[in-house]
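Subject: Structure handover

Hi,

Here is the structure for your files. My notes on it follow.

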Amino acid sequence: MFAGVLLVLFAGLGYLTLGDAKMGGVSLFPHLPGVYLPVVKVGGVPVNVIKANTPEERNKGLSGRPSLPPLTGMWFAFETDDLYGIWMKEMQFSIDVIWISKDGDIVDVAPNVSPETYPKIFKPHAPARYVLEVPSGFMEQYNLTASDTVDFSGVVR
């Protein structure tokens, strides 16, 4: 009984965010109960990331999910720099796509990409090593631009 109450309590806390994101607030959104997602910081804004590690996970991406909680994203890490394309196959919500260099510089951004754009493939204007997908409007909401950097030291590659 006590364990069940704790599980409900932690599940409820999972959707809270403590502090102001621009001031380094910490999100408590868990991927699984008791397991917290790694964090990247986009221009200082912490984003909990679900990692797409395998080719199958990368191909599926966020397809089939009904939504993505605020300050949560999907992180794609590749071995080499390239013009990695993103499509909206079977997506149910819009996203901002951020391409990032191996050094953490934002290479390109595709804001507010909607499911209706499928089968179009979005690619950066320059090679990138990482891709971050976040809820649509993220870049605008936090006043971020392509001149901001991404600290991904919290993500084990």
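A term first: buried means under 20% relative accessible area, exposed over 50%, and partly exposed in between (1.4 Å probe, protein chains only). This is a predicted model, where local features need pLDDT of at least 70, side-chain atom pairs count only at pLDDT 80 or more, and totals for chains, interfaces and linings use all residues. Numbering starts from 1 along each chain as its sequence is written, and side-chain values use heavy atoms, without hydrogens and water.

Aromatics

There are six aromatic pairs in the structure. Rings of Phe, Tyr and Trp (its six-membered ring) pair if their centres lie within 6.5 Å; planes under 30 degrees apart are stacked, over 60 edge-to-face, the rest tilted. Phe78 and Tyr84 are stacked, because their ring centres lie 3.7 Å apart and their planes meet at 10°. Phe78 is buried at 17% relative accessibility. Tyr84 is buried too, at 16%.

Trp87 and Tyr118 pair edge-to-face, with 5.6 Å between centres and 65° between planes. This pair links distant parts of the chain, 31 residues apart. Trp87 is partly exposed at 30%. Tyr118 is partly exposed at 36%.

Trp75, Tyr130 and Phe152 make up one aromatic cluster.

Best wishes

Definitions and conventions: Helices (H or I, at least four residues) and strands (E, at least two) are DSSP runs, numbered from the N terminus.
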